[in-house]
Amino acid sequence: MFTLTIEDANGQIAHRFTFDHGSYIVGRHESCDIVIPSTAVSRQHARIFVDNGRCFVEDMGSSNGVIVDGQRVLKQRDLGSASQIKIGDFYLYLEFKRQESNRANMLQTLFIQDSDGHHKIVRINDSFAGEEFGLSEVENTIGRTDENFILLSDASISRMHAKVVRQGESHIVEDLGSSNGTRVNGKLIKQPTPVNPGDRIHFGNIEFVFVTGSTQVNPADYASRPGSSKFFVTLGLGVLLLLGITVGAVLVFGFFSLKDKDPAVENVAAEDTIDQRAQTLLTSAEKHIAQRDFQAAQVSVDDLLALVPDHPEALKLKDTVAKEVIAANLLEDGERLLEKGQHSEARDALMRIEKDTHAFERAQPTLTHINSTLAYKLSNEAVRLSRSRDKEDWLEARQKALSALEYEPGDEKTEELVAEIEKKLKDKKVKF
């Protein structure tokens, strides 16, 4: 049985109720299951629901977000056995209780540590080795900015680098188009990849081991062994010595045979060398594009065109890369403006991203959130103006509601609001 205690902005208990199943909408609108009368709370702010005996909270696109135990919920969050939920300026406290079989009317709090129910990643092989991150979200995003569930402040980490997704009892790792890539057990991943306890994951240059929540990790067990490094140093010196001898022999042979070379053969060899170099640069450019490292791809394409100015594939790639660089910059500008709360400006930047680019798909969730936020603000303003006695305010209210529908077409509540305003205007014989 779950108990939810709601505490208002003054610290007073506003309500308390218990449940063991079902789904409950929390918001400011009177149609919600739990109505919180605060302007800091969205009309439909969050959903609290039970699934397979566990309780979750879901952010429904709110303006001010849902905070659970100090961390913002990105999509859904498993609330475990005890959690503090901040919605607007209200606090909700969830507690799980069960009835003892030998005492029918007594309730006992069951405390379950989060680590028992979730997997985690533990940092290894650097000065922060031993740092743990619990994977309590359904989707645990990893990146360099604070909108991620796991924040890693390192130059090798992209703004939105990767995510670890829980699928039932399994987990997968997915790279989100990072510049420096994500590797599982040393292999660069290009698509969602399953991970098992004990697997090692690199996000950029930072390495973790994936384990169950109850596993105690000793970072020393994962440190490189001194003996192995000494072996590779010795082996490397031996290889370099052998390579030096080989190069010397080739140079001596070339010196004595240079005067006997056929010019035609020499030209063929030069052409082969150019073709090989061009193919290497072309492969490098295509690889960087696949990894969404467009700056590096641009360098490879420019080098290829400097070598072969009319290379047809390079000319095509040049246009592709230029378009991708512009799109990536617009995506970054949009995300930066959104962080500052400049929703309209962020939307303008994201709307300029061309459809046939990698950045376009990545921008869609952010655009959906921005459209929802702008529509919500316009609808609220329309409701306020519609309650005025001034007919000019009614006209403005109608216009704002119609603008909200441009951001969220088909929203039933906003359509009802437009119909209500237009009826008032018709009753008062006001043209619109």
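Guide: Axes here are lines fitted to C-alpha atoms, for helices over the stretch in contact, and the angles between N-to-C directions run from 0 to 180 degrees. Please keep in mind that this is a predicted model. Two packed helices are described by the angle between their axes and the distance between the axes. For helix α5, residues 312-339, and helix α7, residues 358-386, the axes come within 9 Å and cross at roughly 20°. Because angles under 35 degrees count as roughly parallel, α5 is roughly parallel to α7. The crossing in which α5 passes α7 is left-handed.

Turning to the side of α5, the residues that meet α7 are Glu-324, Ala-327, Ala-328, Leu-331 and Leu-338. Their counterparts in α7 are His-358, Ala-359, Arg-362, Ala-363, Thr-366, His-369 and Ile-370.

For context elsewhere in the model, five strands form an open sheet of mixed pairing, in the order β16-β15-β17-β18-β21. The edges are held by β16 (150-151) and β21 (193-195), each of which has a single partner strand, so one side of each is left without a neighbour in the sheet.

Key:
Residues are numbered from 1 along each chain as its sequence is written. This is a predicted model: local features need pLDDT of at least 70, side-chain atom pairs count only at pLDDT 80 or more; totals for chains, interfaces and linings use all residues. Side-chain values use heavy atoms; hydrogens and water are left out. Helices (H or I, at least four residues) and strands (E, at least two) are DSSP runs, numbered from the N terminus. Angles under 35 degrees count as roughly parallel, over 145 as roughly antiparallel, 65 to 115 as roughly perpendicular and the rest as oblique. A crossing is left-handed if the near helix is turned anticlockwise from the far one by less than a right angle, and right-handed if clockwise. Contact means heavy atoms within 4.5 Å. Two strands pair if DSSP finds at least two bridges between them.
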